[in-house]
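Me: Hello! I would like to learn how to read a structure, one feature at a time. Could you walk me through a few residues?

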Amino acid sequence: MVKEMRSVVNPFSAPKHNNVIIKFAVSFLLVGLAFHLLISDSFRFSSVVETPVPANEETEPESLVASLPAEEPVSNDFAANESQTSQPGKCDLFVGDWIRDPSGPFYTNQSCLQIEGHQNCMKNGRPDSGYLHWRWNPRGCSLPRFNPKKFLRLMRNKSWAFIGDSISRNHVQSLLCTLSQVEQAVEVYHDEEYRSKIWRFPSHNFTLSVIWTPFLIKADIFEDMNGISSSEIQLHLDKLDKKWTDQYRNLDYAIIAGGKWFLKTAIYHENNVVTGCHYCPGKKLTELGFEYAYRKAMQLILNFITNSGHKALAFFRTTTPDHFENGEWFSGGTCNRKVPFKEDEVNMADVDTIMHNIELEEFEKATALGPEKGVALKLLDTTRLSLLRPDGHPGPYRQFQPFAEDKNAKVQNDCLHWCLPGPIDSWNDLVMEMIVNGGIY
């Protein structure tokens, strides 16, 4: 406006009283502009000081629970849902790092009633919560958080089973807890020992189950609920456990896993004849080793899936490392770490390396045949990413308030299973991504 006045009025020819008026007008405008700037700055400053950012926001988030992802339109045609990730091309979901996640888990022990006592670390008195605020971050691609609303819509009129040992039961509880924030499941079956269960999500007509079969092959087990054996396990290396194979053809999805039980003392049978054993001193039997039995079992399991003619989507989940230090579960071993390992801070135990290598080798052989027979078989390789989470186990808090009466009490630790909520929740992120974007990994 000032420039406009100068271009119209010639200062050399204008009368004196006009100059006074112009100067007054310009002064008035400048004062008004200065006042406007002063007021707007003060408002801007007050908005900053009224909403300070806590200095400890990253290490101690305000809430333990994350909000659910926004609902989005979903098609039951998986091909039509083919990009939940932002980056196309190949990516290894199982190579990455655990990064801080202030948002926390979807649920707590108060919002989920499905958590078994031994994994209910919050209720049992675990005092720290840092282990809840990490998420798995693959290198080179984006991994969205599990979306329970979308998952349930995809699973409408479907059936899904977790097949394996107590880690499979641990995993199904994680999924149940997350889904329960959208719809509560109804338990419709359990076996006598509450190890195998079936739940229904009525409004989605979705059936979820866990089938307890720790070897996946036929086994005669003489062990109580506390792991105390009265005799050696009799393991039939050429026969699958019908507990899961009889149900397999009724499933749309399955996550199958073996693992730690093969490290137990066992007598091996093939063709109804004892052929050897694993760790059976004094029995005068050939020591064949757990790796012999595990490879036989893997071949039998994967051969059944690839030759079943059933078009379920089957995941094979790899072995889960434990984090016992200064002993084993029966000899005073503990797991007291509070943060994840970095990649170069830990090496896998020999037994886990052997089992993992067998899984990878046999899976590769099986997948070479799977597509020819129309079978969808995927590897859920959680071994390495689980190895990096020594902080996520119940430890002494597998029991309720273990130090209530004696702060120095010696209690048995659980350094194999996972706290709920905890690191195992990230396995659901991986599973959903592999369903939605199945072919790109």
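Reply: Gladly! Keep in mind that this is a predicted model. Let us begin with Q119, which is found in the loop between β1 and β2.

Me: Is Q119 buried or exposed?

Reply: Buried means under 20% relative accessible area. Q119 has a value of 6%, so Q119 is buried.

Me: Which residues does Q119 touch, leaving out those up to four places away in sequence?

Reply: Among them are N170 and Q173, along with P394 and D414. Q119 also touches H417, W418, C419 and L420.

Me: Where does Q114 lie?

Reply: Q114 lies in the loop between β1, residues 96-100, and β2, residues 134-138. Its relative accessible area is 22%, so Q114 counts as partly exposed.

Me: How do I read the contacts of Q114?

Reply: Set aside the neighbours within four places in sequence, and look at what remains. For Q114 that leaves Q173, L176, C177, A185 and W199.

Me: What about the surface? Which residues make a nonpolar patch?

Reply: V186, V188 and Y189 make a nonpolar surface patch of about 260 Å². One of these, V188, has its place in strand β4, residues 186-190.

Me: How is V188 classed by accessible area?

Reply: Exposed means over 50%. V188 has a relative accessible area of 48%, so V188 is classed as partly exposed.

How values were computed. Residues are numbered from 1 along each chain as its sequence is written. This is a predicted model: local features need pLDDT of at least 70, side-chain atom pairs count only at pLDDT 80 or more; totals for chains, interfaces and linings use all residues. Side-chain values use heavy atoms; hydrogens and water are left out. Helices (H or I, at least four residues) and strands (E, at least two) are DSSP runs, numbered from the N terminus. Buried means under 20% relative accessible area, exposed over 50%, partly exposed in between (1.4 Å probe, protein chains only). Contact means heavy atoms within 4.5 Å. Patches are made of residues with over 30% relative accessible area and no salt bridge: like charges are joined within 9 Å, nonpolar side chains (Val, Leu, Ile, Met, Phe, Trp, Tyr) within 5 Å. Accessible areas come from the Shrake-Rupley method with a 1.4 Å probe; for residues, only the protein chains shown count as cover. A salt bridge is a side-chain nitrogen of Lys or Arg within 4 Å of a carboxyl oxygen of Asp or Glu.
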